[in-house]
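Subject: Structure for your review

Dear colleague,

Please find below the structure that I am handing over to you. My notes on it come after the sequence and coordinates.

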Amino acid sequence: MGDWSGYIGLMLDGARVTVELTVLGCALALPVAFAAGLGRLSRFWAVRALALAYIEFFRGTSIFVQLFWAYFVLPLIGFELTPLQAGVLALGLNVGAYGAEVVRSAVQSIGREQHEACVALNLTRWQGLRHVLLPQAFVVMIPTFGNNAIELLKATSVVSLISLTDLTFQAQVVRSQTGSTAIPFLTVLVIYFALASAISFGMKTLERRMTRGLDGIRH
Amino acid sequence: MEWDWAFVREIMPTLLDGLKITVLATVLGSALAAVVGLAFALLRRSPNRLVSRITAFLVEFIRGTPLLVQLYFLFYVLPGAGILLSPLTAGVIGLGVHYATYMAEVFRAGIDNTPRGQWEAAKACNLTAVQTWQHIILPQAIPPMIPALANYFVAMFKETPLLSAITVVELMSQARSVANFNYRYLEPMTLVGVLFLAISLIAVPALHLLERRFRRYR
């Protein structure tokens with residue numbers, strides 16, 4: 001039992017992998033969410049259908065199934081992925097699908113008069129989106145994006161089942177090496193909670209900064 | 001690798017057996033989540049500051065940590081304290097308590113949306129607290145929440161594969177065991193995905209129906 005510092009080191013290694021997965025997963029989820037969410041609002045039938053199919057598929061099957069499919073089935077059809085790549089891919093695409101609905105509903109929540117003003121000013125669709133609609137919609141998205149990021153953090157624990165040495169995996173290692181169960185799992189729960197709180201704090205700060213000076217305009 | 005229909009026919013009964021456990025876990029988990037969620041929501045509103053603070057922290061904590069670790073905790077730690085749970089029981093408790101924290105939020109919103117006048121009328125009629133909740137507040141607050149609650153039931157359904165990590169023999173673990181046994185991953189993994197997608201896609205129109213049915217109460 002004298003080796004607690006070693007075990008703490010193991011857990012911190014695991015925490016680093018968890019953070020890495022969360023950051024990379026979010027980095028993939030964010031552009032995907034915007035692409036699919038705006039795709040849902042496209043003028044073109046084919047783009048809307050494609051975006052809808054992507055969203056329904058990834059929201060309809062569970063992250064667990066997607067991860068196993070990415071890890072076990074993709075290599076069979078010629079895409080060899082490391083566990084980390086499979087994890088980032090599955091997490092990013094899954095959370096991206098949820099994020100897409102956030103993007104869509106945020107853009108749709110912007111008042112009609114803003115859309116009409118874009119037309120009146122003769123902006124192209126892209127200009128209207130880029131300079132008028134998205135800057136307003138983004139503020140609406142931030143709190144929900146924060147929740148999505150926390151969901152992603154929690155979902156990273158699943159990668160321990162495809163042998164990635166994340167926080168949950170290391171807890172199992174410590175459990176099997178020390179025979180102690182309560183301490184490793186409680187430690188890991190506290191670390192996850194601390195990470196989730198950090199995300200939530202970061203998002204609140206971001207929201208405050210983005211809404212600075214908008215008090216009179218936003219309801 | 002070629003798709004093999006004969007293999008699909010061979011493994012389908014095993015997978016459907018697993019699906020039964022998946023559905024069972026979802027139904028039991030949902031029932032538990034609804035009850036515990038309501039308890040969380042009520043305790044959160046307790047006039048006793050200590051009770052409401054502790055409940056708030058507990059809810060935040062459970063919601064901020066992964067279900068998988070919570071399942072491990074129930075499955076590995078509780079036996080040390082002398083509480084032996086079967087895998088399915090541990091799984092249902094894990095799912096139920098985890099989703100109860102989300103449901104508490106739905107209940108809270110529903111209760112807060114009940115007009116003040118209803119509370120005042122209950123007081124004017126000299127109803128006790130229990131009578132007020134039972135006959136006035138909850139019957140009005142619950143119907144509008146049903147679509148949101150159903151949404152979380154579907155979300156819970158999609159999280160049940162995690163139970164395979166604590167050796168519940170549900171759909172995912174059946175698929176993994178036939179895959180490992182035959183060393184063929186394509187069909188079992190794809191079929192699990194297809195089954196989940198099929199049930200989720202059935203659930204989407206059902207949710208819309210619920211939403212339309214209960215919106216009238218508002």
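Predicted model: local features only at pLDDT ≥ 70, side-chain atom pairs only at ≥ 80, totals over all residues.

Residues are numbered from 1 along each chain as its sequence is written, chains are lettered from A and ligands numbered from 1 in the order in which they are written, and side-chain values use heavy atoms, with hydrogens and water left out.

Chain B contains 8 helices and 0 strands (DSSP runs numbered from the N terminus: helices are H or I of at least four residues, strands E of at least two). Its C-alpha atoms fill a box of roughly 70 × 45 × 25 Å along the principal axes. Of the 218 residues in chain B, 47% are buried (buried means under 20% relative accessible area, exposed over 50%, partly exposed in between, with a 1.4 Å probe and protein chains only). Where residues of chain B at least 6 apart in sequence are in contact, 76% of those contacts join residues at least 24 apart (contact means heavy atoms within 4.5 Å).

One residue of chain B may be of interest to you. T160(B) lies in the loop between α6 (129-159) and α7 (171-182). This residue counts as buried because its relative accessibility is 0%. Beyond its neighbours within four places in sequence, T160(B) is in contact with residues including T22(B), T26(B), E170(B) and F196(B).

Turning to the interface, 35 residues of chain B are in contact with 33 residues of chain A. The two chains bury about 3000 Å² between them, and carbon and sulfur atoms account for 77% of it (buried area is the accessible area, with a 1.4 Å probe, that two parts lose on being put together, summed over both). On the chain B side, V69(B), Y76(B) and K158(B) lose the most area to chain A, together 17% of what that side buries.

For chain A, an unreviewed UniProt entry places "domain: ABC transmembrane type-1" at residues 15-200; UniProt annotations may be inferred rather than shown by experiment. In the model, that span is 81% helix and 0% strand, and its end C-alpha atoms lie 18 Å apart. UniProt also lists residues 21-39, 51-74 and 182-202 of chain A as "transmembrane region" (unreviewed entry). Residues 21-39 of chain A are 100% helix, with end C-alpha atoms 26 Å apart. Residues 182-202 of chain A are also 100% helix, with end C-alpha atoms 30 Å apart.

Yours sincerely
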